[in-house]
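Hi,

Here is the model I promised to pass on.

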Amino acid sequence: MGPGCPGLAPPLLLLLLPLLLGPPLGPGQLRAKPTVRKERVLRPDSELGQRPADDSQSLRYDHEAFLGKEDARTFDQLSPEESKERLGKIVGRIDSDGDGFVTTEELKSWIKRVQKRHIYENLAKVWKDYDRNNDKKISWEEYKQATYGYYLGNPEEFQDGSDQHTFKKMLPRDERRFNTADLDGDKEATWEEFTAFMHPEEFEHMKDIVVLETLEDMDKNGDGFVDQDEYIADMFAHEENGPEPDWVVTEREQFADFRDLNKDGKMDKDEIRHWILPQDYDHAQAEARHLVYESDLDKDQKLTKEEILGNWNMFVGSQATNYGEDLTKNHDEL
């Protein structure tokens, strides 16, 4: 599977986690039904070296992991020459000990730094929309009014069945997630608690919510499980009488072989957790290992600047990412 995260704004992705059930609704937002393949797990299933070099989805994940999603978009606008020039400037910052080599650990630290920055900036963008009284906390009432206030005050304007269903489903679900993030139970979220609300995949005490929300979104027949057809329907909007793409056939095999661990034809909560939140898995470590594996020409387990620039397409892409503005940012706080 590609990058993504269940019901969340992904960590590396937003970075990770898509994709998606999405984060909690923002002011005035409505979620749309997915019409293309949707991703839920943090990392493609294939092992190092098994993904084709021209796998555009995998490359996109690499770019977002290395640069962050917003900066990845910026690089998309750069020429190959500009991308390589800016990548060269980044290499020096990754090489923290200044020995002229970039190790897996240094890459891992960089990727975690990008992830941390993304989460911080994502929260900073929305904080003012919710903290209406500027008390440096966001109460459930503030969030509810900012997100659902118009609907609650004007229900007659939401006669469309799908809109009504969306609001009626999401409001109690957001409240449940908010209450889980609100560790002291005072109905007010601090910065840390609101981070857990917005990025539950990053917090151990929120992971049951991640699994539950994933199950609820995928379980269309309401039996408390996810069968193979529900698993496929969650990623792919199938056209009537149209053939299934090859990747769908592969995903059906993945479901039978690796998702449905007890071979009863469906996934329960434990199997969903095993799929989307694998234990002992460090996505930053895995991505760093992947980048080194693909770029280390002399196989000495570390990268020179020349090796990185020689495989620049994997790091920043042929259409790569907008890292330009990032070069002007102050990274000391990250």
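Helix α3 (residues 80-94) has 15 residues, and its end C-alpha atoms are 21 Å apart, which agrees with the 21 Å it should span at 1.5 Å a residue. The expected span here is 1.5 Å times one less than the number of residues, and helices are DSSP runs of H or I, at least four residues, numbered from the N terminus. Buried residues in α3 are S83, L87, G88, I90, V91 and I94 (buried is under 20% relative accessible area, exposed over 50%, partly exposed in between; 1.4 Å probe, protein chains only).

Before you go on: this is a predicted model, where local features need pLDDT of at least 70 and side-chain atom pairs count only at pLDDT 80 or more, while totals for chains, interfaces and linings use all residues. Residues are numbered from 1 along each chain as its sequence is written, and side-chain values use heavy atoms, with hydrogens and water left out.

Now the aromatics. Rings of Phe, Tyr and Trp (its six-membered ring) pair if their centres lie within 6.5 Å; planes under 30 degrees apart are stacked, over 60 edge-to-face, the rest tilted. That rule gives 16 aromatic pairs. In one of them, F236 and W247 have ring centres 5.6 Å apart and planes at 85°, so they are edge-to-face. F236 sits in the loop between α9 (228-235) and α10 (246-259), and W247 is in helix α10, eleven residues away. F236 is buried at 16% relative accessible area, whereas W247, at 24%, is partly exposed. Ring pairs also join Y120, W127, Y130, W140, Y143, F178, W191, F194 and F197 into a cluster.

Cheers

Methods
Helices (H or I, at least four residues) and strands (E, at least two) are DSSP runs, numbered from the N terminus.
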